[in-house]
Amino acid sequence: MKKAFVTGWPIKHSKSPMLHGFWLKQYGIDGSYEAYGVEPENFEQFLKDLPSSEFMGGNVTIPHKEVAFANVDQLDNAASAIGAVNTLWLEDEKLCGGNTDAYGFSANMDQFAPDWKNGKNAIVLGAGGAARAIIFAILDAGYEQIHIVNRTYERAENLSTLFDKKCHAHSWDKLPELLSEADFIVNTTSIGMAGSDASMMPDLSTLPTSAIVSDIVYIPLETPFLKSANELGLQTVDGLGMLLHQAVPGFEKWFGVRPEVTSELRDYILGLSS
Ligand code: ATR
């Protein structure tokens, strides 16, 4: 039996076991995918033990992504650029680390807004780990300008220097003047959600009517940010597909089948969140 895991600390809220379990059943594979909590102080040892363990590999989530990045034998291009590993697999007894978040983001956009790659000017709200993967994906899609807008300007500045000259850092108050030029805007923050500062929720009415709006949060599926874009009649893409698509490359590596992201899978995972 082929075995894979998702590890983090804590791990009990992860939807990945249900997602991979759906595919294992769909494709009739003799395999398992389990949540496997590892405390931070034990994570490096966990990685060292992996090549001789029963596992083919697995997913890595908070707070282990950066430690995995620093401790694998080989990185893929996305993980090198993003500075974090979310997928582990073994190749010739070497521990390999990849990052499939940017792939998941792009594949979700390709599915629901296939024209998104025609844009030139993008805005990314937020400057954390998620924003870094999204920026990598947007650069890869061929955008000419990426404006990183963050509550804490220094973090936007730090992130912009990690990528190329197409990235520009801005403080939050610059957002209104950037909106009218944007082809695409992605939110990676918790603006508008319960407990956040309501005054930071941007007025999206100056976006061009052709702009595409996306959010990487998928609970709720229609975030306050997407709701305000929908009310303006703008094209929106929710974040659930990123979760589904980012899981595809790992499943293929561990179990040997490239799984499909279908509407049945989407409905199944949505049913779990409600
Ligand atoms: P992740 O890995 O999910 O991106 P993170 O590294 O904690 O998580 O980054 C969260 C991002 O959301 C940051 O850009 C953060 O802004 P700061 O750098 O100023 O902290 C942003 N963020 C979190 N809560 C926010 C809020 N209520 N309003 C605006 N931005 C918020």
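1. Separation of the domains. In this predicted model, the C-alpha centres of domain 1 and domain 2 lie 27 Å apart. The domain assignment of the protein chain gives residues 2-99 together with 247-273 to domain 1, and residues 103-239 to domain 2.

2. Extent of the interface. The two domains meet through 14 residues of domain 1, which are in contact with 11 residues of domain 2. The size of an interface is often expressed as the accessible area that is lost when the parts come together. Between domain 1 and domain 2 the buried area is about 980 Å², and carbon and sulfur atoms give 63% of it. On the side of domain 1, A81, I82 and R266 supply 48% of the area buried against domain 2, more than any other three residues.

3. The rule finds 1 salt bridge between domain 1 and domain 2. A salt bridge joins R266 to D238, with the closest N and O atoms 2.6 Å apart.

4. Elements on the domain 1 side. Helix 4, helix 11 (248-255) and helix 12 (263-273) each supply at least two residues of the side of domain 1 that touches domain 2. Helix 4 gives the most to this side, with 5 residues.

5. The largest nonpolar core. This core has 33 residues, and those with the most contacts inside it are F105, W116, I135, I138, I146 and F184. At least two residues of the core come from each of helix 4 (77-82), helix 5 (101-112), helix 6 (129-140) and helix 7 (153-162), and likewise from each of strand 7 (121-125), strand 8 (145-150), strand 9 (167-171) and strand 10 (184-187). The largest share, 7 residues, is that of helix 6. Both domains take part: the core draws at least three residues from each of domain 1 and domain 2.

6. Surroundings of F184. Which residues are in contact with F184, leaving aside its neighbours within four places in sequence? They are F105, M109, W116, N121, A122, I123, I138, Y143, I212 and S214. Among these partners, F105, W116 and I138 are also listed with F184 as residues with the most contacts inside the largest core.

Methods: Residues numbered from 1 in each chain as written. Predicted model: local features only at pLDDT ≥ 70, side-chain atom pairs only at ≥ 80, totals over all residues. Heavy atoms only, no water. Core = buried A, V, L, I, M, F, W, Y, C linked by side-chain atoms within 4.5 Å. Buried < 20%, exposed > 50% of the residue type's maximum accessible area, 1.4 Å probe, protein only. Helix = DSSP H or I, 4+ residues; strand = E, 2+ residues; numbered from the N terminus. Domains from an automatic or database assignment. Contact = heavy atoms within 4.5 Å. Buried area = accessible area lost by both parts, 1.4 Å probe. Salt bridge = Lys/Arg side-chain N within 4 Å of Asp/Glu carboxyl O.
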